[in-house]
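Let's take a walk through this structure together, one piece at a time.

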Amino acid sequence: MDLPFLVTQSLSGLASASSLFIISCGLTIVFGVTRIVNFAHGSFYMLGAYLAVSIVPRLLDLHYSLPMFLAGIVAAAVVVGLVGVVMEVVLLRRIYRAPELFQLLATFGVVLVIEDLVVTFWGPLDLMGARAPGMRGAVDILGNRFPVYQLFLIGTGVLVLALLWLLMHRTRYGVLVRAATQDREMVGALGVNQAILFTGTLFLGSFLAGLGGALQSPLIAANSHMDIAIIAEAFVVTVIGGMGSVPGAFLAALLIGQLQAFGILIVPKATLVLVFALMAVVLIVKPWGLLGRPEAPATRAAPEGIANLKPFGRVERIAAVLALGVALLLPVFGDAYLVKLGTEILIFALAAFSLNLLLGNGGIVSFGHAAYFGIGAYAAGLLAIRLGMAMLPALMLAPIVAGLFAALFGVFIVRLSGIYLAMLTLAFAQIAYAVAFQWVGLTGGDNGILGIWPPDWASGRTAYYYLVLVFAVAAIAALRHAIYAPFGATLRAARDSAVRADAIGIDVKLYRLAAFALAGAAAGLAGALYAFANGSIDPTLLAIPLSIDMLAMTLAGGIQTVIGPLVGAAAFHTAKDFFMPLTDYWRLLLGLAIIAMVLAAPQGLAGGWARLRSRFSGAPA
Amino acid sequence: MSLLMVEGLDKAFGGVIAARAVSFALEAGELLAVIGPNGAGKSTVFNIIGGQLRPDAGRVVLAGDTITGLAPRAVWRKGLGRTFQVAQTFISMSVTENVQMALMSWHGEAASLTASAAGLRRAEAIGLLGLVGMAEAADRPISALAYGDVKRVELAIALAGEPKLLLMDEPTAGMAPKERAALMQLVAGLARERKIGVLFTEHDMAAVFGHADRILVLMHGEVIASGPPDAVRRDPKVRDVYLGESGLAAANAAGTAP
């Protein structure tokens, strides 16, 4: 490793840092002003790339020159900026005061919609953008060749930083943005036209995302998966830098760029893990990021989640018995398809129920619950395939492994609150995903592991269904009991008022950690059951989309109720199983449904039932 | 030995001194009021005693145990019950569930996964609610109560840990004048009957001079006067910096009231 090599390696680190900064600063500016973490920011990046692929060659046809190339890049970014404006006006405006969970989910709905639209317009194939005239070659740096375009990217990053600095410090708009980032209520008090401020900020943020994507188009083929990949990285940059801080984003992007450039030399297979590990370390030392400021805890009249816990009334008890009866008889009257569907519903019902122990009961917004589902699945699969363990011991051990990982991650997670906590759950889920994806020797990488089947006695569809029924119902009943036990009450107490809980002797973090481990273990059991039901494991079992599915199930059922997530899981999974084969637009429909749910019925299905029940029993709603 | 001994507390936030050499003692069954203008350091002193803040110097001794720097949950175990300036309760629960929660924690049952929380310690909780005159509201959601009643429930929560010392940050803030007098009488009665020391801050001079056994006056983080209500009322320094005309009138009215 000689000096020239280190220099070029460092320069390519700078180039990727520069791209990362351009994208992340848009995310952080939007968060600073609106306090919304925009999942769709990654989709805007992807849109920028696709638009550049379409626009730039047309302009180059008119006149093959560098200015035309640049004009195409900027035009793509402007279009993306306008898409951001539409999103602000149509969606975000209605949810500025909604709980973080709903905001995150709504913007994730946009992710799903844009993903399907992109595939519809541009097709499923990866598309390479046109290369920049005059920047196709390389220059000689200390004897090594270095691409000119990478140098151009470094320069662009610095230019964007400089322009943003001027905008923030030399214009009235910039002053307002900075003021809003520091104190939102104050800006309201100043009589600023918030609509224009917010819309303008969405334009700026989305423009930057689009610019980042467009600039990458000559280097990386545009594809419909680049949104999730980039948003995870952009989250990490903004969280490390401190949410809302542009200089923080710059600093964090530089750190990550160099970490990736040199990390790849030391541990070539673990760059993703390195990046997320950096984030975890930063958050332990500085919970609000390098240049961030502590977020004042939001004060809300009523907490989101399970309130007014009541034991089952007569109607609910009858419904529960009926449901259990249907579940028991399903293989008798149902065909193979129904039995398979029932198996999956039971598994996801357990997963969603365990998520609501955190969400509805503990007020802990976990955005990476699939991690523990996936860890359970991998633990079961690896124990069975690599160690030759029998199914039942594997099913017993997998939840313990998942619970231990949840406890390990939870130690860091429960130190935080609000949006930082949600981001950290997501980050740990991405670490788990990255390990499953990159550690090919153990996990089979992208392909996963095949051939995880139950032993003969449980291998029939019906036999396995009953096995899942026993495990899932037992686990759900146990979790439900925990919710009604003092442990569950203590979690709700800590959610309602951590200050009061602390003042009556409750160690809030310890209880949250215990809940996290318990929920992780239960999700792990669900994952292990899924592994043997499916016969295989792969990284999608730990990926963000599955976490979102679980959130959607829980929310569809209503996080205010204990049983809601079960109803939600059944409704969601049935709908998914029914509609997905029928349409090419499943994600689009799911995205729209999530958005509609957040806007129209944040109480979910079972929440609506609870409201009906209280209306008819005459109790105050 | 006094129930509570506070010795030489110092606390600064950046360059702002919030407490400087604050020392005082409090006996069992005694009501000690801490008064002073906004920013005098009342809340700082309270939060240091309650464990929410760690002092730069000094120590706090409760019933012979040094509790300086202990977490609030540990201070509660040592016998300190606390109410807050803005009442802190479990908003999703009923009145009695709020008190049951505190009782479960006190009896070490909060972590139980096997019991059912609904009926646990319910009779005891209703007993405590009876003490503060809220037994009838036991099954109402706490979110449906008037603010004055919430403060009473908060007192019942604080009493669940059989406290030796009650720390009450503006116990009557946000209450109607009539409710205030009733609450202060209730607290004074409980304190004397159960030998509980009460340390409270208050902006309502009628409550302070009408019920406190002793008063401590803070100014810029320092104790500028302390003593029985009459002495404090007559202290010219206190008149100048804090009481003023209207405060004095209220203090006098409270002092001459039967």
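Predicted model: local features only at pLDDT ≥ 70, side-chain atom pairs only at ≥ 80, totals over all residues.

Where the two meet, domain 1 of chain A brings 18 residues to the contact and domain 2 of chain A brings 19. On the domain 1 side, helix H4 (100-122), helix H9 (226-241) and helix H11 (271-285) of chain A each supply at least two residues. H11(A) gives the most to that side, with seven residues. By class, the domain 1 side that touches domain 2 of chain A has 16 nonpolar residues, no polar ones and two charged ones.

Now zoom out to chain A as a whole. Its secondary structure comes to 25 helices and four strands. Along the principal axes, the C-alpha trace of chain A spans about 75 × 60 × 45 Å. A compact globule of 621 residues would have a radius of gyration near 25 Å, and chain A agrees with this because its own value is 25 Å. Of those 621 residues, 54% count as buried. Among contacts in chain A between residues at least 6 apart in sequence, 81% join residues at least 24 apart.

Some individual helices of chain A are worth a visit. In helix H6 (residues 172-182) of chain A, the buried residues are Leu176(A), Val177(A), Ala180(A) and Thr181(A). Looking down the axis of H6(A), you will find its buried residues within an arc of 135 degrees, so they line one face of the helix. The face of H6(A) turned away from the buried side carries the exposed residues Arg172(A) and Gln182(A).

H22(A) is mostly covered, with 13 of its 14 residues buried. From its first C-alpha to its last, H22(A) reaches 20 Å, close to the 20 Å expected at 1.5 Å a residue. Just after H22(A) comes Gly558(A), which takes a positive phi of about 105 degrees.

Next, find Val148(A), which has its place in helix H5 (residues 148-170) of chain A. Is Val148(A) buried or partly exposed? Val148(A) is partly exposed, because 14 other C-beta atoms lie within 10 Å, whereas a buried residue would need 20 or more. Setting aside neighbours within four places in sequence, Val148(A) is in contact with Met135(A), Gly137(A), Ala138(A) and Val139(A). Gly134(A) is 14 residues from Val148(A) in sequence, and their C-alpha atoms are 8.7 Å apart in space.

Let's move over to chain B. Here you will find nine helices and 10 strands. The C-alpha atoms of chain B fill a box of roughly 60 × 40 × 35 Å along the principal axes. For 258 residues, a compact globule would have a radius of gyration near 18 Å, and chain B agrees with this because it has 18 Å. Buried residues make up 50% of chain B. Of the contacts in chain B with a separation of 6 or more, 66% are between residues 24 or more positions apart.

Two residues of chain B stand out for their backbone angles. Glu170(B) is not a glycine, yet it has a positive phi of about 45 degrees. Glu170(B) sits in the loop between strand E7 (165-169) and helix H6 (177-194) of chain B, and it is buried because 21 other C-beta atoms lie within 10 Å. Lys195(B), also a residue other than glycine, has a positive phi near 55 degrees. Lys195(B) lies in the loop between H6 and strand E8 (197-201) of chain B, and it counts as partly exposed because it has 13 C-beta neighbours inside 10 Å.

Finally, see how the chains meet. In this contact, 33 residues of chain B touch 26 residues of chain A. Helix H2 (72-77) and helix H3 (95-106) of chain B each supply at least two residues of the chain B side. The largest share of that side, five residues, comes from H3(B). By class, the side of chain B that touches chain A has 20 nonpolar, nine polar and four charged residues.

Terms used. Residues numbered from 1 in each chain as written. Chains lettered and ligands numbered in written order. Buried ≥ 20, exposed ≤ 12 C-beta atoms within 10 Å, placed from the backbone. Arc of directions from axis to C-beta. Expected span 1.5 Å × (residues − 1). Contact = placed C-beta atoms within 7 Å. Nonpolar A, V, L, I, M, F, W, Y, C, P; charged D, E, K, R; others polar. Rg over C-alpha atoms; globule rule 2.2 N^0.38 Å.
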